[in-house]
Amino acid sequence: MKPPQKPDGQSKMENAISYLLIGGVLLCLVLLVAGMVLFWHQQGGVSVSQDQSVFVRGHDFFSFIYDQVTGRGVQSLPLRLITLGVIVLLLTPYVRVILSAVFFTREKNFKYMMITIFVLIILTISLTLH
Amino acid sequence: MLICTLVGLLGSLTGLGGASIITPLLVLAGVPVKEAIASAMVAIIATSSGSASSYVKARIANVNIAMFLEMFTITGAIIGATITTVISPVLLYFFFAAFLSTSFLRIRHIRKEFVPSEKQDRVSRWLNLQGSYYDEAHQKTVTYKANHALWGGAGMFIAGIAAGMLGIGAGAFKVTVHENILHLPPKVSSTTSNFIIGMTALAAVSVYLFSGLLNLTLMAPIAAGTTVGAIVGGRLLNRIHDRWLQVLFFAIVIYLIITMLYKGIISL
């Protein structure tokens, strides 16, 4: 049976969030699995390593993503694929908040537009501070 | 990876991130504790996004309620992370255990069906904090109204502080606030918690990223396993009776209370 009907704009937003979340995790999964398979092929096993090259580090969330995307981060292909998978995973909830803000703005739902923009600002500050 | 798939499944069904289960298992396997916690935070995001996609589409997770509560929990998380150096987290372990114990006030309702709140406070009404979803297990549409919005917000603020201070997702705390304060149906409570918890964990991951504690060879199987488990859990939840979900939740809450008390006592 179909779920109960809601106002059109709300349904569209919920569908868009749902597709964004599943798209994000599936892309992440593909990148992680591809990275693990290549890692296994190169190293002959997939054991947890304590080598410094397998640790990722960034001054803050956004500069970390910038470094990885512009090729200044991890160099080996398997670890690069895994890093990209983790980036996609981390970005998914962040983009979800942006998407909600866009939908609430388009729907002229000012109460929720303000709430979502507040959440986005606080989240961005917390990600920039560390 | 198989264990993480199971954790992702449990986390998606109960609204708990699963970090409290993964962390001790990784430590037992010889992973340094800080690395284990950092990887568990990544697992929470995988559990949250993997399962919430189904919950939002089925209208079980309430996006409006989640957005309102995220405002409090993210503010709490940033304050919690800031005051960690000023206040000892020891008291928070005991507070966390005591608050989780309030879940048992509702244990007598496990055998009863959810009764929606008739009344709704002014703020909840103004914010339209209500909804309905089709429950496949009970084969009926469940309509509900959230109540005590500001008290719920205060509860989520404390959950955020706990998450920021202790480096956890505080999923059990959030589900307890949703059920006991806001009077949301069990499935709405756990799925809305799942939706929110990914964002709280994201703020925590950022800290671990700065500290250089994210190990790619550890995160890859954990994130892949929990993602698969969460996607499966997201498709199972609506077919399971509330009663069994609550029994599962209480079992994990008992384990968490013992863990929190143990951590609190050894930190004294």
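Which residues does B:T226 touch, not counting residues up to four places away in sequence? In this predicted model, where local features need pLDDT of at least 70, side-chain atom pairs count only at pLDDT 80 or more, and totals for chains, interfaces and linings use all residues, side-chain values use heavy atoms, with hydrogens and water left out. Residues are numbered from 1 along each chain as its sequence is written, while chains are lettered from A and ligands numbered from 1 in the order in which they are written.

B:T226 lies in helix α10 (residues 216-236) of chain B, where helices (H or I, at least four residues) and strands (E, at least two) are DSSP runs numbered from the N terminus. With contact taken as heavy atoms within 4.5 Å, B:T226 touches B:C4, B:T5, B:G8, B:I22, B:A43, B:A46 and B:T47, residues up to four places away in sequence not being counted. B:T226 counts as buried because its relative accessibility is 0%, the term buried meaning under 20% relative accessible area, exposed over 50%, and partly exposed in between (1.4 Å probe, protein chains only). Although B:T226 and B:I45 are 181 residues apart in sequence, they are 9.2 Å apart in space, C-alpha to C-alpha.

Helix α8 (residues 171-180) of chain B is mostly covered, with 10 of its 10 residues buried; among them are B:K174, B:H178 and B:E179. B:F173, which lies in α8 of chain B, is buried, with a relative accessible area of 1%. Leaving aside neighbours within four places in sequence, B:F173 is in contact with B:F95, B:F96, B:F99, B:L100, B:G155, B:I158 and B:A159.

Four residues stand between the strands, and B:Q139 takes a positive phi near 50°.

The contact between the chains takes 61 residues from chain A and 57 residues from chain B. Chain A and chain B bury about 5300 Å² between them, 73% of it on carbon and sulfur atoms, buried area being the accessible area (1.4 Å probe) that two parts lose on being put together, summed over both. Two salt bridges are found across the interface of chain A and chain B, each requiring a side-chain nitrogen of Lys or Arg within 4 Å of a carboxyl oxygen of Asp or Glu. In one of these, the side chains of B:E70 and A:R96 meet at 2.8 Å, N to O. On the side of chain A that touches chain B, the elements that give two or more residues are α1 (8-43), β1 (55-56), α2 (61-69), α3 (77-106) and α4 (110-129) of chain A, and α1(A) gives the most, with 16 residues.

B:R59, placed in the loop between α3 (33-57) and α4 (63-83) of chain B, counts as buried at 9% relative accessibility.

Note on methods
Two strands pair if DSSP finds at least two bridges between them.
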